[in-house]
Amino acid sequence: MNDLLDHLDTSAAARDLAPVEEGLPADCNTRDVLDLYRRSADPRVAPAIFRHAADLRDRHVGRSPWWSAGVSAIVPCELEPLCTYCTFFSRKAVATSDIVSAVRAIADLGIRHLHLSGGTRLPVKGEPISGYDRYLVDLVVAIRDAADVEIEVNVGPSLTRGGVRALKELGVAAVTSSLEVLNAELFAAFKPGDSLKGRIRLMELCEEEGMPIRSMMLVGLGETDADRIDHLLFLRRFSMLRHLRLSRYMPFPGTASGGVRCSPWPVARLTAIARLLYPTLDLGLAAGNDPDDMALWWLAGGGNQVIGATASMKDPRGKAGGEARAIPVGERVVVHDNMARVTRYLGELGLTPSFAPQSS
Ligand code: SF4
């Protein structure tokens with residue numbers, strides 16, 4: 001009998017589960033977490049695990065989804081070669097004024113939190129300020145002057161300690177370093193120009209500098225169950241980790257990586273296991289998921305940040321997909337407002353999104 005399953009008490013007698021106070025024990029071992037993850041594949045076992053995870057979410061981060069937004073491709077990706085699955089890189093620099101316009105339009109929707117994301121420029125060894133340090137500092141200052149929003153940044157492993165420190169002084173809410181897949185061979189195969197070590201190093205720098213960390217895990221590249229659980233447990237060393245997002249692999253046409261789209265089931269099960277390991281973490285859905293995945297995500301203990309609007313600087317005049325409302329911003333930029341659809345989906349779950357995180 002798995003000790004952790006005992007801990008969760010998924011027996012028939014416990015179907016009417018009392019709320020759980022805490023997640024999995026801090027000293028739980030890899031083998032038991034892996035076993036729990038594997039058992040969660042069984043639809044007869046998963047609901048009890050999901051229920052515990054959702055109870056923890058309710059208890060620790062509440063039941064109120066809150067809006068964030070994303071502005072992507074703010075800086076070119078200089079990796080050579082590019083990651084084999086990537087379609088969202090840009091090779092072109094963008095005018096700061098266009099990024100600021102997009103941010104202003106997002107703020108006009110009432111959204112008060114956003115992520116600026118872009119490609120990678122690996123820092124130069126031995127140079128105290130390099131990579132995208134200086135660029136991001138200038139950009140954050142420009143945005144601060146134009147809009148009242150909380151800013152997070154995600155530019156791969158492109159920051160030095162000096163950059164992290166400067167962004168912290170500017171009040172940047174978090175730095176993202178996505179490990180994507182914690183299997184060195186797979187990482188090298190899919191991200192041959194990138195640096196897993198550099199990404200881990202950036203998380204360590206954030207930890208040392210007291211900068212909140214957001215990270216991501218890309219599910220479905222071919223990693224094993226053990227890789228997935230090792231990845232989740234590896235994150236235990238980062239006390240500054242505030243947000244983990246799970247991407248669902250999707251082979252985009254025209255990319256070299258191939259393969260098949262990841263099913264939603266492992267993403268939901270990993271969300272539940274992550275919640276049991278990290279009761280207070282924000283657990284989000286990233287690339288490859290869409291609002292159709294939200295119900296399962298919520299059932300499995302995900303929450304609470306949701307994305308209401310996006311703008312891509314790669315294709316600033318791009319058309320809104322699906323039901324998103326396209327908001328032209330000046331002549332060059334379009335913001336895609338998806339708040340109506342997400343609000344409707346959340347409403348069907350009995351949830352009402354707000355503009356700021358609310359405690360339980
Ligand atoms: S680092 Fe990011 S932007 Fe650059 S190729 Fe890889 S996934 Fe795309």
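By the rule that rings of Phe, Tyr and Trp (its six-membered ring) pair when their centres lie within 6.5 Å, this structure has 6 aromatic pairs. One of them joins phenylalanine 50 and tryptophan 265, with 5.6 Å centre to centre and 55 degrees between the planes. That pair is tilted, as planes under 30 degrees apart count as stacked, over 60 as edge-to-face and the rest as tilted. Phenylalanine 50 belongs to helix 3 (residues 46–60) and tryptophan 265 to helix 10 (residues 264–277), so the pair ties together parts 215 residues apart in sequence. Helices here are DSSP runs (H or I, at least four residues), numbered from the N terminus.

Please keep in mind that this is a predicted model, where local features need pLDDT of at least 70, side-chain atom pairs count only at pLDDT 80 or more, and totals for chains, interfaces and linings use all residues. Residues are numbered from 1 along each chain as its sequence is written, and side-chain values use heavy atoms, leaving out hydrogens and water.

Next, meet two helices whose axes (lines fitted to C-alpha atoms over the stretch in contact, with angles from 0 to 180 degrees between N-to-C directions) come within 10 Å and cross at roughly 120 degrees: helix 2 and helix 9. The table lists their contact residues (heavy atoms within 4.5 Å).

| Helix | Residues in contact |
|---|---|
| Helix 2 | Thr30, Val33, Leu34, Tyr37, Arg38 |
| Helix 9 | Asp225, Ala226, Arg228, Ile229, Asp230, Leu233 |

By class, this contact has 6 nonpolar, 1 polar and 4 charged residues. Ala, Val, Leu, Ile, Met, Phe, Trp, Tyr, Cys and Pro count as nonpolar, Asp, Glu, Lys and Arg as charged, and the others, Gly among them, as polar.

How values were computed:
Helix = DSSP H or I, 4+ residues; strand = E, 2+ residues; numbered from the N terminus.
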